[in-house]
Amino acid sequence: MSSLDFSTKIGSKRFSNPIFTASGCASSGQELAQFFDLSEIGAVVTKSIMSKPRLGRPTPRMAETPSGMLNSIGLQGPGIDVFLEKDIPWLVANNAKVIVSIAGETVDEYGVLARRLRAVSGISAVEVNISCPNVENRGQVFSCHPDTATAVIETVRRNIGGELPIIAKLSPDVTDIVHIAESVIKAGVDGLALINTLLGMVIDINTMKPKLGGKTGGLSGPAIRPVAVRAIYQVHQAFPNTPIVGMGGVANGRDAFELILAGASAVSVGTATFGNPTALIKIRAELEQLLLERDFRDFRDAIGFAHRGAK
Ligand code: RRO
């Protein structure tokens, strides 16, 4: 038996270990459940759900890049009604800890979604995705401006009540992510998810046109890990008491450890699961081993360790 306390907390909620899925990379968990028991990971973070069903952007929606990939899914999903009817009961029946990710086209839509989730049992937290890069106009990337980020979070807080922790998912495509983090913390979040994908583009030199149907897409994978580490480090330095769910190019236990040392209280794994559906289980075991080798007996002692003694 391990002598490591691997548990972590986001707001009032405790998770048995800090390895979570990343929103959008495992839908509502069904695909992964054929490879491992969902109760073995800290939490399933669901694909961002909207109030209505949505088809998403035109295909092709994925393009390979050096050390990563671009996606332009465009918030495809069944809408909140089907999600609450089918996905939540399925996740609960499969003993998953559930973090529901929500996204809206308007501030009001976030409020509607929060109200729908308010009385739902079996949810541990809500990730408020205010940073999807694949929307029609950049004005809908609410996390690019402190005022719009504040408006969304205040609306969600008001509509969801005091019980459920709220996690704001931020974009690294801003001048000062600490400033955005400050605004959502003031507006009442319990945690932050850092980072969403970076806006990118690939042009096919044969067709001489953008490869993605939506032209631009979100860059993920190992290429963005240093950006994630930097963002987590900066935000943790400014707000050490706000838990961060870190993500961005984590493919093994060492990568997860790096984000934790920067200040992450949990680590989401996304792109790596496309190549290896059991990546989360492998990463959890590797991280546990690394922590024990370094004499950590409580996972939480490692969070933000890179800041110790830093000025
Ligand atoms: O659906 C998407 O295209 C998408 C979303 Br909601 C997001 O937050 N980040 C991303 O890279 N893609």
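Visitor: In what sense do strand S7 and S8 pair, and over how many bridges?

Guide: This is a predicted model. In it, strand S7 (residues 98–102) pairs with S8 in the parallel sense, and 4 bridges are found. Pairing calls for at least two bridges, so the two strands count as paired. Within this pairing, Ile 102 stands opposite Val 128 of S8.

Visitor: Why is H3 called roughly parallel to H4?

Guide: Two packed helices are described by the angle between their axes and the distance between the axes. For helix H3 (residues 107–118) and helix H4 (residues 146–160), the axes come within 8 Å and cross at roughly 25 degrees. Angles under 35 degrees count as roughly parallel, and therefore H3 is roughly parallel to H4. The crossing of H3 past H4 is right-handed.

Visitor: Which residues in H3 and H4 meet?

Guide: On the H3 side they are Val 107, Tyr 110, Gly 111, Ala 114, Arg 115, Leu 117 and Arg 118. On the H4 side they are Ala 151, Val 152, Thr 155, Val 156, Arg 158, Asn 159 and Ile 160. Sorted by class, the contact has 8 nonpolar, 3 polar and 3 charged residues.

Visitor: What is the order of the open sheet of 4 strands, and which pairing does it have?

Guide: The order is S5-S6-S14-S11, and the pairing is antiparallel. Strand S5 (62–65) and S11 are called edge strands because each pairs on one side only. From one strand to the next, the twist averages 40 degrees.

Visitor: How do you know that strand S6 and strand S14 pair?

Guide: The count of bridges decides, because at least two are needed. Strand S6 (residues 68–71) and strand S14 (residues 216–220) have 3 bridges and pair in the antiparallel sense. In one of these, Met 69 has Ser 220 as its partner in S14. Strand S11 (residues 198–201) also runs antiparallel to S14, joined by 4 bridges, and there Met 201 stands opposite Thr 216.

Visitor: Why is Ser 67 called partly exposed?

Guide: The relative accessible area of Ser 67 is 48%. Buried would need a value under 20% and exposed a value over 50%, so Ser 67 falls in between and is partly exposed. Ser 67 is in the loop between S5 and S6. Its phi is near 60 degrees, a positive value in a residue other than glycine.

Visitor: Where does Lys 215 lie, and what is its phi?

Guide: Lys 215 is in the loop between strand S13 (209–210) and S14. Its phi is positive, about 70 degrees, although Lys 215 is not a glycine.

Visitor: Which residues does a cis peptide bond with omega near -5 degrees join?

Guide: The bond runs from Thr 59 to Pro 60, and Pro 60 is in the loop between strand S4 (44–45) and S5. A cis peptide bond also joins Leu 194 and Ile 195, with omega about 15 degrees. Ile 195 is in the loop between strand S10 (191–194) and S11.

Conventions:
Residues are numbered from 1 along each chain as its sequence is written. This is a predicted model: local features need pLDDT of at least 70, side-chain atom pairs count only at pLDDT 80 or more; totals for chains, interfaces and linings use all residues. Side-chain values use heavy atoms; hydrogens and water are left out. Axes are lines fitted to C-alpha atoms, for helices over the stretch in contact, and angles run from 0 to 180 degrees between N-to-C directions. Angles under 35 degrees count as roughly parallel, over 145 as roughly antiparallel, 65 to 115 as roughly perpendicular and the rest as oblique. A crossing is left-handed if the near helix is turned anticlockwise from the far one by less than a right angle, and right-handed if clockwise. Contact means heavy atoms within 4.5 Å. Ala, Val, Leu, Ile, Met, Phe, Trp, Tyr, Cys and Pro count as nonpolar, Asp, Glu, Lys and Arg as charged, and the others, Gly among them, as polar. Buried means under 20% relative accessible area, exposed over 50%, partly exposed in between (1.4 Å probe, protein chains only).
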